[in-house]
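This report describes how the secondary-structure elements of one protein chain are arranged. The structure is shown below.

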Amino acid sequence: MAKGKQKQGRGRTAEPVSAQVVGGLAELVPDRDRPRGRTLLIDGAPQSHVDLDDPAYLDFAYQRRLGHIADLVAPPGKPIQALHLGGGAFTLARYIAATRPRSTQQIVEIDAPLVQFVRTELPLDGGWRIRVRGVDAREGLVKVPDGWADLIIADVFSGARTPAHLTSVEFTGEVRRALRPGGFYAANLADGPPLAHLKGQIATAAAVFPELALTAEPAVLRGRRFGNAVLLACDRELPVAELTRRAASDPNQGRVEHGRALADFTGGAAPVTDAGARPSPAPPPDAFA
């Protein structure tokens, strides 16, 4: 049950609301600048942001980068079939529904109390073709038909860490199986110095996909601080020039690595298999200060 004072109906709370979910304490904190904007935190760690009045608005830098990828997977406005591994506040699903009407989407989120909390406080538009499945991300992925998805987004965190079984070559192979030819796979990855997890994930994706690009803030890529990087993978040539232009124009300016520069950045890291997979590193205590 959500806690906190309710005003003006759902999605219009004047004060934070919270609920205990499987992943910890979930909170929705009002945005001072947007009357119906809310930030989702779990155990104090920011997860996502939603503006019910403007679902095409993306506040977090990593979500804007995922939004760029969603924009480039197909011609503007064309409906797509998208699979979201990890639900959060359903931010990217809302974005795609707003920017690509009539798209068909699936969200796989194992935390059923979180799903209920978000559905209650930040309801989805009844006309959107969004289905939410309450299972583990990999379990949900293996049930997706071959070649079903135009876009697969992996944004799965448990206790601020990506579970080990979602970091392997075997998992990534299932992603490619579920993608149509030419479809995009985008993964939100969190790491800090010395970036061993991030480099291992690039090597893992390279073992499955022929084309890769990585976008993040320069300070993260230089190993100066803990942060998010978005990995893009495909079986065809990527729109690197346009992705680079968009990343450079973001409020939190990003950089894109591709080709030889990305290989040099990876530095000979080995692909991760199920047998040796580990969760992503925990963020430092001051990461969300």
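## Helix packing

The axes of helix 1 and helix 2 cross at roughly 35 degrees and come within 10 Å. The model is a predicted one. The crossing of helix 1 past helix 2 is right-handed. On the helix 1 side the residues involved are Gln63, Leu66, Gly67, Ala70 and Asp71, and they meet Thr91, Leu92, Tyr95 and Ile96 of helix 2. Sorted by class, this contact of helix 1 with helix 2 contains 5 nonpolar, 3 polar and 1 charged residues.

Helix 1, which spans residues 61–72, also packs with helix 8, residues 240–249. Here the angle is about 145 degrees and the axes are 10 Å apart. Helix 1 passes helix 8 in a crossing that is again right-handed. His68, Ile69, Asp71 and Leu72 of helix 1 make this contact with Glu242, Leu243, Arg246 and Ala247 of helix 8. The residues of the contact of helix 1 with helix 8 comprise 4 nonpolar, 1 polar and 3 charged.

An open sheet is built from 4 strands in the order 1-2-3-4, with antiparallel pairing. Strand 1 (17–21) and strand 4 are its edge strands, each pairing on one side only. Within this sheet, neighbouring strands are turned against each other by 20 degrees on average, direction ignored.

Strand 2 (residues 24–31) runs antiparallel to strand 3 and is joined to it by 6 bridges.

Leucine 40 has serine 48 in strand 4 as its bridge partner. The two strands, strand 3 and strand 4, form a hairpin with 2 residues between them. In the turn, aspartate 43 has a positive phi of about 50 degrees. Is strand 4 largely enclosed by the rest of the structure, or largely exposed? Strand 4 (residues 45–51) is largely enclosed, because 6 of its 7 residues are buried.

Another open sheet has 8 strands in the order 7-6-5-8-9-11-10-12, and its pairing is mixed. Its edge strands, strand 7 (129–133) and strand 12 (255–258), each pair on one side only. From one strand to the next, the twist averages 15 degrees.

Strand 8 (residues 149–154) and strand 9 pair in the parallel sense, with 5 bridges. Among these strands, leucine 151 has phenylalanine 184 in strand 9 as its bridge partner. Helix 2 (residues 91–99) packs on the sheet, where it touches strand 5 (81–85), strand 6 (104–108), strand 7 and strand 8. The direction of helix 2 makes about 175 degrees with that of strand 6. Helix 6 (residues 196–206) packs on the sheet as well, touching strand 9, strand 10 (211–216) and strand 11 (227–234). The direction of helix 6 makes about 170 degrees with that of strand 9.

## Nonpolar cores

Which residues touch the most other members of the largest nonpolar core? This core has 36 residues, and those with the most contacts to other members are Leu85, Ile152, Tyr185 and Leu214. Strand 9 (residues 179–191) gives the most to this core, contributing 4 residues.

A second core of 27 residues is separate, and includes Ile69, Ile96, Leu238 and Ala247. Of these, Ile69 and Ala247 also take part in the contact of helix 1 with helix 8, while Ile96 is part of the contact of helix 1 with helix 2.

Leucine 85, beyond its neighbours up to four places away in sequence, touches Val108, Ala137, Leu141, Ile152, Ile153, Ala154, Asp155, Val156 and Phe171.

## Valine 118

Valine 118 is located in helix 3, which covers residues 112–121. Valine 118 counts as buried because its relative accessibility is 0%, and the cut-off for buried is under 20%.

Leaving out residues up to four places away in sequence, valine 118 touches Gly88, Ala89, Phe90, Arg94 and Pro123. Phenylalanine 209 is 91 residues from valine 118 along the chain, and their C-alpha atoms are separated by 34 Å.

Key. Residues numbered from 1 in each chain as written. Predicted model: local features only at pLDDT ≥ 70, side-chain atom pairs only at ≥ 80, totals over all residues. Heavy atoms only, no water. Axes fitted to C-alpha atoms, helices over the stretch in contact; angles between N-to-C directions. Left-handed = near helix turned anticlockwise from the far one by under 90°. Contact = heavy atoms within 4.5 Å. Nonpolar A, V, L, I, M, F, W, Y, C, P; charged D, E, K, R; others polar. Buried < 20%, exposed > 50% of the residue type's maximum accessible area, 1.4 Å probe, protein only. Pairing = 2+ DSSP bridges. Core = buried A, V, L, I, M, F, W, Y, C linked by side-chain atoms within 4.5 Å.
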